[in-house]
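Here is a short briefing on one protein structure. Keep the model open as you read.

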Amino acid sequence: MFNRIGVIGAGAMGRGIAQLFASSGEQVIMYDTRAEAIADALEFNRNLLQRSVAKGKLSQDEFDATVARMQPAASLDDLKDCDLIIEAIVELLEVKQNLFRDLEAIVRDDCVLATNTSSLSVTRIAAGCQRPERVAGFHFFNPVPLMKIVEVVRGSRTDERYIQGLVELAEKAGHFPAITPDTPGFLVNHAGRAFGTEALRMLSEGVATPQQIDRILRDGPGFRMGPFELFDLTGLDVSHAVMESVYEQFYHDPRYTPSFIAAQRVAAGLLGRKTGQGFYRYEDGQKVETPEPAAETVLVNRPFWLHCDDDAVRSDVHAALEAAGATLETGNQPSAEAICLVTPLGEDCTTALLHLGLPAERTVAIDVFANWDKRRTLMRNPAVSTDVVAQARQALAADGVPVEVINDSPGFVIQRLIASVINLGSEIAQKGITTPETLDRAIQLALGYPKGPLAFGEHYGKQRVLTVLCNLQAVYGEPRYRPSPWLRRRAQLDLPLTTPDNQE
């Protein structure tokens with residue numbers, strides 16, 4: 001359907017799109033208002049492909065053919081014979097609308113006009129066109145050849161045959177096409193809102209430092225990068241703009257509330273790797289690593305008591321304490337000397353100890369969502385003795401596994417962030433934005449999550465996740481943590497989170 005493709009915009013996205021389709025056999029013509037930008041993009045692509053030749057991943061003949069399929073355009077008129085034009089220009093609605101109006105006067109009636117926008121409405125871009133049915137979203141991720149996913153966005157008036165044509169083109173190029181309607185943030189930027197915004201919310205409450213949050217989320221759920229490392233990599237100015245855009249487009253739904261911390265840091269120019277300073281410091285583009293702070297060694301002279309019905313957790317705690325030479329009491333109530341360990345779901349340590357009638361000065365909480373063999377999280381309450389915290393930390397780390405100590409927080413770090421990710425993914429499924437299977441695969445491909453949102457729900461247990469959310473909502477008293485109907489129904493009926501509503 002698309003043999004001759006025009007790419008407008010010779011920046012990182014435009015040149016990546018050009019390389020992708022030239023490599024899959026299509027003729028590509030590149031246009032930019034700056035001729036030198038086209039020349040730079042073509043040279044960049046040639047050098048990149050030459051590296052593949054040097055590594056033996058591409059033959060010389062394949063290299064020559066691919067390079068020959070990428071040609072410059074001197075003007076928009078040179079794109080008149082294209083079957084498809086993909087714009088990758090500045091993210092301004094009026095500029096994109098004007099471009100598409102200009103193109104309609106040049107191209108054939110059956111030429112599809114696609115936008116690589118990441119945040120603007122495809123329907124609004126198409127609204128200025130005489131033939132809005134041929135306008136669609138075709139949103140790639142940087143670097144385009146390596147990120148094997150593209151969002152195929154259906155505007156309100158986009159003809160279905162053009163959607164199918166873009167799907168086939170993406171598949172031919174080796175990319176997974178995630179079909180999505182024209183909703184704020186489409187699929188990936190929508191589903192990704194929980195990760196960063198919830199981390200910033202925790203930071204604003206003084207729960208833990210950015211370094212702690214990143215370590216806990218890398219070693220617990222297994223994210224390749226923590227949220228603050230990711231902010232620094234992508235640029236906080238870019239991430240904050242997306243947060244604000246999605247929040248505005250969803251008419252201030254509390255789930256998407258941006259952070260004042262991000263706004264202030266953007267104003268200060270603390271954008272991350274590209275400015276040398278973000279949540280971390282960078283020298284020559286490399287993060288300056290600082291060692292984890294070492295805990296002071298103390299004498300463990302108290303017994304421990306654990307409130308938990310999970311035999312596996314009790315066994316893990318017992319083994320760790322045994323390595324420290326500490327005793328785990330077995331009675332229904334703690335002794336007068338015992339350090340009390342509680343395991344709340346979605347509650348803070350304070351709420352949990354009050355429910356159980358335990359002494360605040362001797363009670364700390366441990367996170368059952370943590371990966372016990374990689375990193376443990378200990379949560380203190382404001383009234384707990386510093387000696388109790390120090391002994392608990394040392395005892396639980398005696399077998400060599402690091403222990404993070406954080407301040408009182410409903411849901412710790414993992415429970416709170418993971419439940420938010422799962423809940424938002426469930427809402428996307430509930431809204432019918434995409435299928436559950438497409439949701440999970442797209443998020444893994446685009447965001448690098450170790451599991452998709454719904455798969456995370458099954459991993460941690462959807463009933464437990466529902467409990468976390470209900471308790472978060474009860475403690476905070478706000479709708480930010482309201483459970484999605486999709487999650488609630490499937491947890492109540494014990495159905496997989498991928499179960500569709502329509503069983504026909």
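The points below go from the whole protein to single residues.

This is a predicted model: local features need pLDDT of at least 70, side-chain atom pairs count only at pLDDT 80 or more, and totals for chains, interfaces and linings use all residues. Residues are numbered from 1 along each chain as its sequence is written, and side-chain values use heavy atoms, with hydrogens and water left out.

**Overall build**

- The protein has 20 helices and 15 strands. Helices (H or I, at least four residues) and strands (E, at least two) are DSSP runs, numbered from the N terminus.
- The C-alpha trace spans about 85 × 55 × 40 Å along its principal axes.
- Of the 504 residues, 54% are buried. Buried means under 20% relative accessible area, exposed means over 50%, and partly exposed lies in between (1.4 Å probe, protein chains only).
- Take the contacts between residues at least 6 apart in sequence: 69% of them join residues at least 24 apart. A contact means heavy atoms within 4.5 Å.

**Surface and charge**

- The protein exposes about 21400 Å², and carbon and sulfur atoms supply 49% of that area. Accessible areas come from the Shrake-Rupley method with a 1.4 Å probe; for residues, only the protein chains shown count as cover.
- The protein has 50 positive and 65 negative charges, and their mean positions are 2 Å apart. Lys and Arg count as positive, Asp and Glu as negative; His and the chain ends are not counted. Each charge is placed at NZ of Lys, CZ of Arg, CG of Asp or CD of Glu.
- Asp309, Asp310, Asp311, Asp316 and Asp373 form a patch of negative charge on the surface. Patches use residues with over 30% relative accessible area and no salt bridge; like charges are joined within 9 Å, nonpolar side chains (Val, Leu, Ile, Met, Phe, Trp, Tyr) within 5 Å.
- Asp310 sits in the loop between β11 (304–307) and α13 (311–323). Asp310 is partly exposed, at 35% relative accessible area.
- Val90, Leu92 and Val95 make a nonpolar surface patch, with about 230 Å² of accessible area together. Val95 belongs to helix α4 (residues 93–104).

**Salt bridges**

- Side chains of opposite charge can pair when their charged atoms come close.
- The whole structure holds 35 salt bridges. Each is a side-chain nitrogen of Lys or Arg within 4 Å of a carboxyl oxygen of Asp or Glu.
- Glu87 and Lys96 pair at 2.8 Å, N to O. Both residues are buried.
- Glu229 and Lys287 also pair at 2.8 Å, N to O. This pair links distant parts of the chain: Glu229 is in helix α10 (residues 227–234) and Lys287 in strand β10 (residues 286–287), 58 residues apart.
- Asp81 and Lys80 form a salt bridge at 3.4 Å, N to O.
- Glu198, Arg201, Glu205, Arg416, Glu478 and Arg480 are linked in a salt-bridge network.

**Backbone exceptions**

- Most residues other than glycine have a negative phi, and most peptide bonds are trans.
- Which residues does a cis peptide bond join? They are Asn142 and Pro143, with omega about -5°. Pro143 is in the loop between β6 (135–140) and β7 (149–154).
- Phe186 is not a glycine, but has a positive phi of about 50°. Phe186 is buried, at 2% relative accessible area.
- Asp494 is not a glycine either, and has a positive phi of about 55°. Asp494 counts as exposed, at 54% relative accessibility.
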